[in-house]
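Here are my notes on this one, as promised.

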Amino acid sequence: MDESGRNSQKGPAALLWVVKSMKQNAHIQHAGRSRRRNGLVATGLVFALMLAILMCYSNYIQAQIKSECTKNLLETYEQVDKTFLMFAQRNWNVLSDWNGRLQHLAKSGEMEEKWQDIVLEKETWQFSDFYLFNEDCDYATVNGRRGNAENARKAFEALYDQNGQPVVSSYIATSGIRKVVFELGIDPVVLNGITYTGLAVSYDNNVLENIMGSGAYNGQSDCYIIYPDGEVLMSTEPKSEIPTQLENLFDFLTANAAVNNAFFEQMQDEVRTGGKGSVTYRYQNKDYYLVHQPVGIRDWQIVGIVDQTVIESGMRKVQYTTILLLFLVACCIMLGGVQMVQHSAKVRLREETAARESITHQKELSDQLFNGISRIVDRFAVCDLKNNTYEYHEQKKAPLYPENGTYQELLRWVDCRYRVLNENGKTGQVMMSWMISPQNLREKLKKDDDSFRFEYCTQDGTEFMVMSAIPVVWKGSELMQVMLISQDTEWQHELENLANTDGLTGLYNGRYFSSLLRQQQEKEQEFVLFYLDLDRFKPVNDTYGHDMGDKLLQAVAQRLRTCIRDEDYAFRIGGDEFALVVTGHLSEELVQARVEKIRETILQPVELDGLELRVGTSCGWAAYPAESASCEEIRVLADQRMYEDKERNHAERT
C-alpha cells in the first residue's frame, strides 16, 4: 500500500479519537460542574443546619441561664432570710429578758428609775427606740418621751392580732423614715399611771440595711420583706434604681415597670399562696430579675431584685464566646468541605488551624472563669492531684501561702492554721489535711456535677469559713484536678451564737437545748442528759438582791464548764435550772462519778463582793437510747430523778 493509502486510513481514526476525547472532556467538565454544584448545595445545607443548631443552642442556653440565675438568686436570698430570722429571734430573746426585768422592777417600785438603763445598750445595739405601748397607742420610751402614736397604730395592732406573740411590723414615722418594730406582749406594767401591755424595739430601716444587708451583687440589688398584697414591711439591702421608702412593691411595678401581665399575675398568686419563683421586668431601660420565696414568719415573702446584667454577665460572656466558637468551627468545617474537593492537604491545614483556635478560645474561657470566680469568692486554689502541685489565689487580704508549690506542703500548712468543725459547729477529730487529701477528694467526687463542702475555723477560733471542692479535670474516670473555694462565714456564726446563747451566763439557751436533743435523736447518737437545779439559791436572791443572784448564776455556769469536755454541752434552761449533755456511752459507775463531781464542784464556796456564798445542787440523769429511744421521755426521766434527788436533799436537811 502506498503512502497516500496509509494516510487515508489514519485520518478517520484520528478524527474518531479527537471526537472521543472531546466527549470525555465534556463529560469530565460536566461531572466537575455537577460535583461543584453538589458541593455548593451540600455546603449550603451544612451552613443552614449549623445556623439552626446555633439558634436552638442559643435558645437552650438562654433558658438554662434564666433557670440557673433564678436558682442562685433564691439561694442567695434564702441566706438573707436566715439572717433576718436570726436577727428577729435575737431581738425577741432580748425583749423576753427585759420583760422579766420589768416585772421585777414593777414589783420593787423601781420602774421609773431603772428601766431606762436600756439606753446604755443603744450604742452597741443600734436601735432607734425602746418603748412600752398599749392598744390605745400610748407609748413611753426609755429616753423619757411619752404620748400617743396614732401613726403607728397598725404596727401596734399587729401584736394584739397575734395574742401577744412575738411579731415584726413597720410604719412610716412622722419624719418620713420607715421604722421596723420587733414587738412582744408582756404582763401589764404601770408607768406614770398608764398601763402598758407591749414591749418593742424599733430600728430605722437604713440601720437594718447596714446590719443585715449582705452587700450582694455590688449594691445593684434590692431586697424587701413584703405582705401578700405587696405592702413593704422592710428592706434589707441598699437600693439600686428603685426609690427608697417604697410602700407597696406590686403597685410600684404595675405603675412604673414593663412586665408581662400574665407572668406578673402568676407571681402575685404565688406570693399570696406562699410559693416561690421568679419573673423579669424592665424599669428605666434596664432588665431585672425578681425572685420571691416565703420568709418563714406568718405569710410574708422575701423578694430579691437584681439587675439582669449583673448576675448574667459572666454567663453571657461564656454563652457568646461558645456560640462564636461554634460558628468558627462551622465555618472551618464548610471551608474544609470545599477544600476537600480540591486538595486533602488544605483540609488538614484548616483542621489544624481550627484546633489551634479551639485551644485558644478554651483558654480564654478558662481565664474568664477564673476572673469571674475571683470577684465572688475570698480565695481559691486549683490543685493538680496527679502532679502534686497547686496554684493559689487570694482575693481578700495578704496571701496566706505561696502562689504555687507542692500540694503536700499546702496540706501541712492548713493543718497548722485550721481545724475542721463538725455538724454542730464544734471542733471535730478529723484533720484538715485529710478532708482535702487526694484520697478523700476522689472518694467524695465521682462525677462532674459532684461537689464536697465542710466548715472549718482558725486554730484560735476567731475566723470561720466554709470550703467547697469542685472537680475540674478528669482523665477517664480518674480525678486529676480540683478547685478548692473558701468563703468566710464568721458573721453567720456570730448571729447563730446570739440566737443560741443565754445572755446572762454565756451557756447555750433552752432553744438550742431542744434543737440539740432532736439532732441527737435523728442521728441516733448516744448521750447522757444531766438535769440540775440549785439548792438554797432563792435565799441569796431574797437577801442580797437579783444582781448578786445573777453574779452567782454566772459563777455556777463557769464551774459547770469545768465538768464537761470540749465535745459536750452546757445549758441554762431558765432561772436556776441547768442541763449538761455528755456525748457518747457512759456506764452507770461513770454517770454516778460525774454526778458527784458536779455536786462537789457546785458546793464549793463562792466569793462575791466580799461575801462568801454557798449553794448546792439537785441532779437527775437519763441515758439515751439505753433508757428510752425518745428524747422527750429522756427529758422527763431526768427531770423526775432531779426532783427525787431534791426531795432527798430536803429530807436530809430537815
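1. Overall make-up. Of the 654 residues in the protein, 43% count as buried. Bear in mind that this is a predicted model. The protein has 18 helices and 25 strands. Its accessible surface comes to about 34900 Å², and carbon and sulfur atoms account for 52% of that. If you take contacts between residues at least 6 apart in sequence, 56% of them join residues at least 24 apart.

2. Strand 20. Have a look at residues 527-535, because nine of the nine residues in this strand fall under the 20% relative accessible area that counts as buried. Both faces of strand 20 are covered. One side has Phe527, Leu529, Tyr531, Asp533 and Asp535, and the other has Val528, Phe530, Leu532 and Leu534.

3. The partners of strand 20. Strand 20 pairs with strand 22 (residues 577-583) in the antiparallel sense, over seven bridges. Phe527 has Thr583 as its bridge partner in strand 22. Strand 25 (residues 616-624) also runs antiparallel to strand 20, and nine bridges join the two. There, Asp535 stands opposite Gly616.

4. What does Asp533 pair with? Asp533 forms a salt bridge with Lys646, and the closest N and O atoms are 2.6 Å apart. Lys646 lies in helix 18 (residues 631-653) and Asp533 in strand 20, so this pair ties together parts that are 113 residues apart in sequence.

5. Glu394 and Arg379 form one of them, with their closest N and O atoms 2.9 Å apart. Glu394 belongs to strand 14 (residues 389-394) and Arg379 to strand 13 (residues 379-384), so the pair ties together parts 15 residues apart in sequence. Glu394 is buried, with a relative accessible area of 15%, and Arg379 is buried too, at 5%. Another bridge is formed by Arg272 and Asp269, whose closest N and O atoms are 2.5 Å apart. Those residues are separated by about one helical turn, because they sit three residues apart in helix 7 (residues 261-272). Arg272 is partly exposed at 47% relative accessibility, and Asp269 is partly exposed at 40%.

6. Strand 7 (residues 221-226) and strand 8 are joined in the antiparallel sense over three bridges. Ile226 stands opposite Val232 of strand 8.

7. Helix 10. Which residues of helix 10 (residues 407-417) are buried? They are Tyr407, Leu410, Leu411, Val414 and Asp415. These residues lie on the same side of helix 10, because they cover an arc of only 140° around the axis. Arg412 and Cys416 are exposed, on the face of helix 10 turned away from its buried side.

8. Asn440. This residue lies in helix 12 (residues 438-444). Is Asn440 buried or exposed? Asn440 counts as buried, because its relative accessibility is 6%, under the 20% cut-off. Leaving aside residues up to four places away in sequence, Asn440 touches Trp434, Met435 and Phe452.

9. A nonpolar patch. Helix 1 (3-108) and helix 8 (308-342) each supply at least two residues of the patch. Leu51 is found in helix 1, and Leu51 is partly exposed, with a relative accessible area of 34%.

Notes:
Residues are numbered from 1 along each chain as its sequence is written. This is a predicted model: local features need pLDDT of at least 70, side-chain atom pairs count only at pLDDT 80 or more; totals for chains, interfaces and linings use all residues. Side-chain values use heavy atoms; hydrogens and water are left out. Helices (H or I, at least four residues) and strands (E, at least two) are DSSP runs, numbered from the N terminus. Buried means under 20% relative accessible area, exposed over 50%, partly exposed in between (1.4 Å probe, protein chains only). Contact means heavy atoms within 4.5 Å. Accessible areas come from the Shrake-Rupley method with a 1.4 Å probe; for residues, only the protein chains shown count as cover. Two strands pair if DSSP finds at least two bridges between them. The arc is that of the directions from the helix axis to the C-beta atoms. A salt bridge is a side-chain nitrogen of Lys or Arg within 4 Å of a carboxyl oxygen of Asp or Glu.
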